[in-house]
Amino acid sequence: MSRAVITGGAGFLGSHLCERLLKEGHEVVCVDNLVTGRTENIAHLMERGDFQLIRHDVSRPFEIEGPVDYVLHFASPASPIDYLELPIQTLKVGSLGTHNTLGLAKAKKARYLLASTSEVYGDPLEHPQKESYWGNVNPVGPRGVYDEAKRFAEAMAMAYHRAHDLEVRIVRIFNTYGPRMRLRDGRVVPAFIQQALNGEPMTVFGKGNQTRSFCYVDDLVEGIWRLLQSDLREPCNIGNPHEMTILEFAETIRAAVGSQSEILFKPLPVDDPQTRQPDITRARTVLGWEPKVPLAQGLESAIRYFRQALRERDG
């Protein structure tokens with residue numbers, strides 16, 4: 001049985017990855033300081049003999065006893081509400097955390113997968129975004145703490161690949177949604193669903209004509225799994241290329257919920273990207289991957305999850 005270490009494994013994406021690697025027959029060590037991760041996401045795994053939770057901040061050095069075959073670095077605040085509240089921690093986990101996890105992979109001779117982000121493209125001047133695009137990022141703006149942390153992490157990972165011949169994989173994750181997102185996540189999917197379910201105004205920033213592309217979590221995890229098993233050394237976009245405006249998305253969720261919520265327009269946040277659409281040619285040709293879950297089906301699952309979460313929260 002091979003063994004995988006997943007940092008941030010109690011988070012939204014990390015917990016789904018823990019499940020997938022266990023399903024594929026791997027022993028999983030989840031490392032998480034639970035700043036944005038939640039034990040509820042992995043509670044159903046805690047009694048398994050092939051799963052272990054280590055509560056630790058990977059920005060500080062750590063060791064894992066025994067062999068390790070894979071290191072997947074997913075630890076980081078990932079939504080604006082989190083990384084704007086935790087700017088120093090975000091920069092540390094992207095720099096020191098990446099350094100520490102790369103050191104672990106090097107010591108264990110393990111394959112390393114870095115969770116990067118579409119935010120490395122910033123407010124892109126190229127559309128759709130290919131992996132060859134270098135980005136348009138404001139390093140001193142409020143979003144720079146996340147954008148530059150991930151850009152640095154990519155550079156560090158490739159330095160370890162070139163200097164130490166470490167097997168490195170880099171996934172650039174585009175907007176993803178599904179069960180286990182937090183109610184107070186700050187990203188558009190949980191915000192819109194929660195507002196629609198509560199009959200509250202649905203907050204759209206600017207005029208709502210900025211675009212996003214939404215990938216269901218099961219599709220994303222399948223793409224990450226294929227990348228982990230591949231020989232691809234270059235960064236790889238994983239996301240859904242179906243693009244829609246934020247206003248269209250708000251109207252879609254309102255209709256799916258059956259809500260009468262009004263649309264409330266607010267000023268656009270600083271450096272909010274105007275377009276976001278992945279070019280997934282590399283994923284299609286090298287990994288044989290593309291998203292399969294239609295938006296209506298994915299939203300049905302997400303809405304069901306949030307409806308239950310709101311019931312539990314409100315008693």
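**Cysteines, aromatic pairs and an enclosed cavity**

Cys215 counts as buried, its relative accessibility being 0%. In this predicted model, the sulfur of Cys215 has its closest cysteine sulfur in Cys236, at a distance of 12 Å, which is too far for a bond. Cys236 is likewise buried, with a relative accessible area of 0%, and the closest cysteine sulfur to that of Cys236 is the one in Cys215, again 12 Å away and too far for a bond.

Aromatic contacts, by contrast, were found. A pair of aromatic rings is described by the distance of the centres and the angle of the planes. The search of the whole structure returned seven aromatic pairs. One of these joins Tyr83 and Tyr146, whose rings are stacked, with 4.7 Å from centre to centre and 5° between the planes. Tyr83 belongs to helix α2 (residues 80–85) and Tyr146 to helix α4 (residues 144–164), so that the pair ties together parts lying 63 residues apart in sequence. Tyr83 and Tyr146 are both buried.

A further pair, formed by Tyr177 and Tyr216, is edge-to-face, with the ring centres 5.5 Å from each other and an angle of 65° between the planes. Here the partners come from strands: Tyr177 lies in strand β7 (residues 176–177) and Tyr216 in strand β10 (residues 215–216), and the pair therefore ties together parts that are 39 residues apart in sequence. Tyr177 and Tyr216 are both buried. Ring pairs also link Tyr121, Tyr133 and Phe174 into a cluster.

The structure holds one cavity of 30 Å³ or more, and the space in the largest cavity amounts to about 40 Å³. The lining of the largest cavity is formed by Asn175, Thr176, Met181, Arg187, Val188, Val189 and Phe214. By residue class, this lining divides into four nonpolar residues, two polar residues and one charged residue.

Notes: Residues are numbered from 1 along each chain as its sequence is written. This is a predicted model: local features need pLDDT of at least 70, side-chain atom pairs count only at pLDDT 80 or more; totals for chains, interfaces and linings use all residues. Side-chain values use heavy atoms; hydrogens and water are left out. On a 1 Å grid over the protein atoms alone, a cavity is a set of points where a 1.4 Å probe fits but cannot get out, and a pocket is an open set with protein on both sides within 12 Å along at least five of seven lines; lining residues have an atom within 4 Å of a point. Grid points are joined across faces, edges and corners, and a volume is the space filled by probe spheres set on the points. Ala, Val, Leu, Ile, Met, Phe, Trp, Tyr, Cys and Pro count as nonpolar, Asp, Glu, Lys and Arg as charged, and the others, Gly among them, as polar. Rings of Phe, Tyr and Trp (its six-membered ring) pair if their centres lie within 6.5 Å; planes under 30 degrees apart count as stacked, over 60 as edge-to-face and the rest as tilted. Helices (H or I, at least four residues) and strands (E, at least two) are DSSP runs, numbered from the N terminus. Buried means under 20% relative accessible area, exposed over 50%, partly exposed in between (1.4 Å probe, protein chains only). A disulfide is a pair of cysteine sulfur atoms within 2.5 Å.
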